[in-house]
Amino acid sequence: MVIGITSCNDTREEIAMPSLDLSEEHLIPKPTKMVTSNGSFRLDQFTRIVTQGEDERLAEVASFLAGKIDQKAGIRPGVNTQTEDEYDPIILLRQLKDASWANQEAYRLTISRDSLILEVPTAEAAFRGVQTIRQLIPDVSNDTLASHPIWPVAAGTIEDYPNFGFRGSMLDVARHFFSVEDVKKYIDLLAYYKINVLHLHLTDDQGWRIEIKSWPKLTEVGGSTEVGGESGGFFTQDDYKDIVAYATSHFMTIIPEVDMPGHTNAASVSYPFLDGTGKPLKLYEGTRVGFSTFDTRKDTVYAFIDDVVREISALTPGPYFHIGGDESHSTKKDDYIYFVNRVEKIVRKHGKTMVGWDEIAEADVESSSIAQFWADAENATKAVNKGMKVILSPAKKAYLDMQYDTLSKHGLHWAAYIPVDTAYIWNPETYVPNIPKDRILGVEAPLWSETISNIQELEYLAFPRAIGYAELSWSQEENRDWEDFRVRLAHQTPYLDMMDVSYYPSPRIDWVKPPEKSRQILKD
Ligand code: TNX
């Protein structure tokens, strides 16, 4: 119903906004607390975004939101623009440093008729809250409320903060190479669900994917192949910087991984002095593991590693460097321990915190290093006993490369079949017995790429499961419920379709068909 009409399209009308129930919205991850107030905020062509606070990245977050509103609704709110009419609906991003926030990503959203106020301690938190705002904007405008389209946003308040500060996924660009554009699209999709870490598995037996200027053959030779005989590829340092910058603009940390001392065939073929097997070396396009190792007793190998860690660390703003360390079946145990101890010092020298797969707990690692649990709970416990923190990536629950079921087009099943419900129904806090919560850094879902070679196949394995891992790592346990989640997941189709995501339409979900109209409005 229209209260005071002005006839033309570009002046503001008084509008009676519909009553909407905030608690019915299909938000993922589920927020900590929501209170509905049954009205709605008017998003329309008059809406503008205003920032308040000293963090200079707030305006960047506001522009990001303006761009995403444009993508979804076809209107682009001005950011910090002057306006004649102080009554225009306003989205306010406001930094409040002094409040007692649960953590640095916590946010509070207060939505009423004419204002949508996002209060935060940091720009990072604003970015997380902005994802919630994006999800609250309806897919289709309501064209009956006024003479111009309006997107009513359910009114109420949301108070939200993450259960884990580390919420990640890993992409294996070594077994099959993925382009900068592919990685950016993956970042887009993950960021929408508040994932804040992307671990890049940059090297393996089948390929070396990052340019190292002091050792050019790594990519010239080692980057030329991939699984299945396709042509490989690699990131130049500029490409990598581009990915890092894109991740940074999405408040996401990149963790580079150089897998050693096993999984190193591509490096050793490029520079044979690295090899510790003594066997004939040739490029490898198969999928076996455990056959390669560096020579762990040669100083020149460590000089090489120093260069690699130095060059990559200089391009990586995040605090972590991942040294792999998994499945070194061709490295003697003593040599393995000696190797990890020495490489840890190199990583520290270059200012990074070492991360490694759970096997590294067998070495004499420092308590500040981090173990990534994937297979062996005993190793995870060892790590915790050494004072280390642990990233949870249990293969049976969190491996995105496991098949959904026996009919899955891509993926492996050595650890398990992982249908969408199995991926969601487990508790990271209790999965490995006797790990106190404060020793758990967070959750990461790795996507290994032996069986996938393009973005569609990547998306098929990652989605929808990655959305569940996002909720598992953000939402508190009492807010997680499979039956509730599966309904919210079903409503992700308009977004996934808008983003042209080739997700696996699991029969366990009653997928909602996006309204026809949204297809016309939505832009790429
Ligand atoms: C195990 S998980 C591996 C990878 C494989 C993956 C396939 C881990 C640390 N190592 O080398 O790609 O299984 O699922």
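**Strands, then helices**

Reply: Strand S7 (residues 107–111) and strand S8 (residues 115–120) run antiparallel and are joined by 4 bridges, where pairing requires that DSSP finds at least two bridges between two strands. Strands (E, at least two residues) and helices (H or I, at least four) are DSSP runs numbered from the N terminus. This is a predicted model, in which local features need pLDDT of at least 70 and side-chain atom pairs count only at pLDDT 80 or more, whereas totals for chains, interfaces and linings use all residues. Residues are numbered from 1 along each chain as its sequence is written, and side-chain values use heavy atoms, with hydrogens and water left out.

Me: How many residues lie between S7 and S8 in their hairpin, and which residue of S8 stands opposite leucine 109?

Reply: The hairpin has 3 residues between S7 and S8, and leucine 118 in S8 stands opposite leucine 109. S7 also pairs with strand S9 (residues 151–160), in the antiparallel sense over 5 bridges, and there leucine 109 stands opposite isoleucine 158.

Me: At what angle do the axes of helices H7 and H8 cross?

Reply: Two packed helices are described by the angle and the distance between their axes. The axes of H7 (residues 299–314) and H8 (residues 333–349) cross at roughly 35° and come within 10 Å, each axis being a line fitted to C-alpha atoms over the stretch in contact, with angles running from 0 to 180 degrees between N-to-C directions.

How values were computed: Buried < 20%, exposed > 50% of the residue type's maximum accessible area, 1.4 Å probe, protein only.
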